[in-house]
Amino acid sequence: MFTLCIERTTLIQKTEPKALNRKHYLKRNMKEYKNGFGFVSREYFLGLEGILHLNNMSNNVLTLEATMHNGTTISTRFDHFKLERQLYDYHLYFGGLDIEY
């Protein structure tokens, strides 16, 4: 799986309403969420294993960015982000919340 990296930031998910994907595009099975799916230029998910790999290399800051239909941008940053693989699933831990409007 390939992704977009800019200034030490890695794209792990992107949704694009104008991409005209089917209504249930994100309704996927666990294998797809584990390995990732989509295209960086449209809608995309890096995959849990890709995120886990980055996280294990000490990439532990998660920033969520959203642009609303009116152009307003919201950014949320978690300074302590950790994804762990369990026996049958994954666990997500985060803390250090900072929200910008």
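Biologist: Which residues form one aromatic cluster together with Y33?

Modeller: In this predicted model, the cluster consists of Y33, F37 and F45. A search of the whole structure finds four aromatic pairs. One of them joins Y33 and F37 in an edge-to-face arrangement, with 5.1 Å centre to centre and 90° between the planes.

Biologist: Is F37 buried or exposed?

Modeller: F37 counts as buried, because its relative accessibility of 6% falls under the 20% cut-off. Y33, in contrast, is partly exposed, with a relative accessible area of 22%. The ring of F37 also has a charged group over it: the charged end of R28 sits 4.1 Å from the ring centre.

Biologist: Which residues of helix 2 are buried, and where do they lie on the helix?

Modeller: Helix 2 spans residues 48-56, and its buried residues are L48, I51, L52, L54 and N55. Viewed down the helix axis, they fall within an arc of 165°, so they line one face of helix 2. Just after this helix, S58 takes a positive phi of about 70°.

Biologist: Which residues does L83 contact, leaving aside neighbours within four places in sequence?

Modeller: L83 is in contact with L48, I51, L52 and N55, and also with Y90, H91 and L92.

Notes: Residues are numbered from 1 along each chain as its sequence is written. This is a predicted model: local features need pLDDT of at least 70, side-chain atom pairs count only at pLDDT 80 or more; totals for chains, interfaces and linings use all residues. Side-chain values use heavy atoms; hydrogens and water are left out. Buried means under 20% relative accessible area, exposed over 50%, partly exposed in between (1.4 Å probe, protein chains only). Helices (H or I, at least four residues) and strands (E, at least two) are DSSP runs, numbered from the N terminus. The arc is that of the directions from the helix axis to the C-beta atoms. Rings of Phe, Tyr and Trp (its six-membered ring) pair if their centres lie within 6.5 Å; planes under 30 degrees apart count as stacked, over 60 as edge-to-face and the rest as tilted. A charge sits over a ring if NZ of Lys or CZ of Arg is within 6 Å of the ring centre and within 35 degrees of the ring normal. Contact means heavy atoms within 4.5 Å.
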